[in-house]
Amino acid sequence: MKDESQNSIADSINLSELTDFQFGPSWARGGSSPARTWTDAPRERRDSATPGERRSFSGRDDRRPRRDEKPSRKGDRKPMRRSERPERPAPEPLKPVEGYRVELRPANSILTLFASEIQKQKRALPLLDMARVVMSAGNRYDLVFMKLENSPALIHSTREDGACWLNRAEAVAYLRQAPWFSEFYKEEQIEVEAPKGTFTAIAVCSIGKEHIGPANWHGYQAALMNLYRSKYSHMPLDVFKNKIVLDKTEETIAAWKEAATHKSVWKPLRDGADEVILEDLRAVEADFEANHFDSVYETVDKVFINGATPADKLSEGLFAHVKLLADKTRRFPQMLIPNLCHGLARHHMPIYKWHGNHFTGPSRIRTIPTDMVLADRMVAIVNWSKENSGKKAEEMFAELSGIPAGTDEESKAAATEAHAPYVADMLWLLEQGFIVVTSDNAVWFPKGENAPAPTPAPTRNKNNRNQKKRRQVKPEANNKSSEATPAE
């Protein structure tokens, strides 16, 4: 009867739990298509563009008349119309706030997952591929903001929303959008007198279709700012005002008049404030700053901001750092390797260089001591790895046990039972670093003179090769200044 411990060992050789992470070099990922890179986008746009759009990419217009031809009237009118069109203003670039040192690091949650799965699966993984895994989702990395000398401290939420601001005004303005707002205040509707006057148009926010009111209504400015503070304070006020349109339909005017007979007020939920009524959001903000600000926010010199934090929970200058640094690291994931090394070291994961690349795995690779005595199965595994470095583990188990993996249930069970002792011995060799199995289930003998590299060495810059050659030039024999002098 098959032992349950052998079942668990055999299961650990399966990489199915790591397929979502797409570990390993691109050639080792089975049928998955290579990931799209940021350089692919312009080419795709050109290939899928219409003829007119392709002309705009090349900067040429095939419809432009030649010098020896007279342009038609129709052709004359078109340039005139284009020149009359107002040009759209280019969006302002993101401006990172100065005065802070910013680093991008792997989140502790992904490091814990890496360490757990590597020890469970006993695989050697290149850090460059792990960096790509980290940068594939915002919640897998953090940005660390560290205040420099003479810079203002950061205001960070102690709640789970992770909001962070540069000053108190920004932190208070976030109040109405905060998920914890209802812990401090309760909104109620009271009836008020219907507005009097002749109203012919209602200002409406085109973003959320909220009715603000007529521009000639005495409460218009207060209603406008209440809407801005409650829902749209993450955008500049001028941008919000540009989203206001006028609606002159009778249905909209009647709907606003009906809604204007009710007014929102807020009551604090703290003890001793039962009789307090806050008439508008400005009064709510003042009450919050006086009574609850210090219980929600902390002033810090260093803060971790997760890469998945939305823009409306961060100061614009901080979010610019998140966006720009994350985009750059996603394009050049090797930037993350130093911090990935530090993070894995904190989780007691070994880091080593193998064929010019940084790897981590269940153990550092090392040579089998000459005086070490191994069991027969282990000797067979080591010898097979030397002779077949780079071939799949399944081939090794089938060859050494003499029983290949079957197709029906009975033969599969027989193969699993025959392979299990070899799996157990191989896992011990992996834990010692005597052999290596990569994420594509290939077995390598890492400490042999004739063992091939698991992946091609990265192409080096021509200048770097020239510098290396210059460093390796031997001094001439007659150059006495280059000769080493014995220590006295």
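## Cavity, helix packing and sheet

The second largest cavity is lined by Lys122, Arg123, Ala124, Tyr352, Gly361, Pro362, Ser363, Leu430, Gly433, Ile435, Val436 and Val437. The model is a predicted one. The volume of this second largest cavity is about 50 Å³, and the structure holds two cavities of 30 Å³ or more. Sorted by class, the lining of the second largest cavity comprises seven nonpolar, three polar and two charged residues.

Helix 15 (residues 376–387) packs against helix 17 (residues 409–432) with an axis separation of 9 Å and an angle of about 70 degrees. Helix 15 is therefore roughly perpendicular to helix 17, as angles of 65 to 115 degrees are classed that way. From helix 15, the contact takes in Arg377, Met378, Ile381 and Val382, and from helix 17 Pro421, Tyr422, Asp425, Met426, Trp428 and Leu429.

The two residue sets are compared by class below.

| Residue set | Nonpolar | Polar | Charged |
|---|---|---|---|
| Lining of the second largest cavity | seven residues | three residues | two residues |

An open sheet is formed by three strands in the order 1-3-12, with antiparallel pairing. Strand 1 (100–106) and strand 12 (302–306) are at the edges with a single partner strand each, so one side of each has no neighbour in the sheet. On average, neighbouring strands of this sheet are turned by 25 degrees against each other, direction ignored. The antiparallel pairing of strand 1 with strand 3 (residues 141–147) runs over seven bridges. Pro106 has Tyr141 of strand 3 as its bridge partner.

How values were computed
Residues are numbered from 1 along each chain as its sequence is written. This is a predicted model: local features need pLDDT of at least 70, side-chain atom pairs count only at pLDDT 80 or more; totals for chains, interfaces and linings use all residues. Side-chain values use heavy atoms; hydrogens and water are left out. On a 1 Å grid over the protein atoms alone, a cavity is a set of points where a 1.4 Å probe fits but cannot get out, and a pocket is an open set with protein on both sides within 12 Å along at least five of seven lines; lining residues have an atom within 4 Å of a point. Grid points are joined across faces, edges and corners, and a volume is the space filled by probe spheres set on the points. Ala, Val, Leu, Ile, Met, Phe, Trp, Tyr, Cys and Pro count as nonpolar, Asp, Glu, Lys and Arg as charged, and the others, Gly among them, as polar. Axes are lines fitted to C-alpha atoms, for helices over the stretch in contact, and angles run from 0 to 180 degrees between N-to-C directions. Helices (H or I, at least four residues) and strands (E, at least two) are DSSP runs, numbered from the N terminus. Angles under 35 degrees count as roughly parallel, over 145 as roughly antiparallel, 65 to 115 as roughly perpendicular and the rest as oblique. Contact means heavy atoms within 4.5 Å. Two strands pair if DSSP finds at least two bridges between them.
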